[in-house]
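Subject: The structure, and some notes on its charged residues

Hi,

Here is the structure to open alongside this message. My notes follow below it.

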Amino acid sequence: IKKRRKSFEFSIQMLSVQPDTKPKGCAGCNRKIKDRYLLKALDKYWHEDCLKCACCDCRLGEVGSTLYTKANLILCRRDYLRLFGVTGNCAACSKLIPAFEMVMRAKDNVYHLDCFACQLCNQRFCVGDKFFLKNNMILCQTDYEEGLMKEGYAPQVR
């Protein structure tokens with residue numbers, strides 16, 4: 001299934017300039033592009049130095065293959081999320097999560113990366129680790145199984 005691209009996110013293509021073609025005009029500076037490479041974004045052509053984030057001035061061709069636009073601004077992903085992203089509160093610590101910060105999700109809950117740990121023993125999870133969500137609490141496998149034993153349920157071992 002192909003993820004549908006949102007209207008604020010656009011791809012950036014790096015193209016090599018063919019020596020026998022007429023130089024294209026840069027959408028950023030209006031000068032002819034005589035460099036070896038050019039960028040194509042927003043159906044326009046750009047010098048690599050001219051396609052920059054309006055906030056942090058980073059060269060967008062170097063930071064990824066996408067750019068974001070809103071309010072007539074061309075932005076990198078981080079600044080787009082910082083300015084227009086949705087923020088929320090961490091389900092574990094209740095503190096605000098900035099829109100640009102990486103998070104972990106479990107069902108409807110969102111967590112800071114540092115807060116995504118077993119809420120009984122504080123064991124942090126690594127990629128691929130099993131975790132369990134019980135009564136809206138994140139639990140490691142050991143604490144989850146101990147809780148089941150206390151409730152009179154024995155986990156099935158196969």
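In this predicted model, R124 and D114 join their side chains in a salt bridge, with 3.6 Å from N to O. The two residues sit 10 residues apart, and the pair links distant parts of the chain: both R124 and D114 belong to the loop between strand 10 (109-112) and strand 11 (131-134). As for solvent, R124 is partly exposed, with a relative accessible area of 45%, while D114 is exposed at 59%.

How many salt bridges are there by this rule? The count comes to 5.

On one side it forms a salt bridge with D49, where the closest N and O atoms are 2.5 Å apart. D49 and R59 both lie in the loop between strand 4 (44-46) and helix 1 (60-63), so this pair ties together parts that are 10 residues apart in sequence. R59 also forms a salt bridge with E62, and here the closest N and O atoms are 3.0 Å apart.

D143 is buried yet has no salt bridge. Which side chain of opposite charge is nearest to D143? That is K150, 7.5 Å away, whereas a salt bridge calls for a nitrogen within 4 Å of a carboxyl oxygen. D143 lies in helix 3, which covers residues 141-150. Leaving aside neighbours within four places in sequence, D143 is in contact with C118, L120 and C121.

Finally, a word on the annotation. The unreviewed UniProt entry places the feature "domain: LIM zinc-binding" at residues 24-86 and at residues 88-150. In the model, the chain over residues 24-86 is 19% helix and 25% strand, and its end C-alpha atoms are 38 Å apart. Over residues 88-150 the chain is 16% helix and 32% strand, with the end C-alpha atoms 34 Å apart.

Happy to talk any of this through when you have had a look.

Best wishes

Methods: Residues numbered from 1 in each chain as written. Predicted model: local features only at pLDDT ≥ 70, side-chain atom pairs only at ≥ 80, totals over all residues. Heavy atoms only, no water. Helix = DSSP H or I, 4+ residues; strand = E, 2+ residues; numbered from the N terminus. Buried < 20%, exposed > 50% of the residue type's maximum accessible area, 1.4 Å probe, protein only. Lys, Arg positive; Asp, Glu negative; His and termini not counted. Contact = heavy atoms within 4.5 Å. UniProt positions renumbered as here; feature names shortened; annotations may be inferred.
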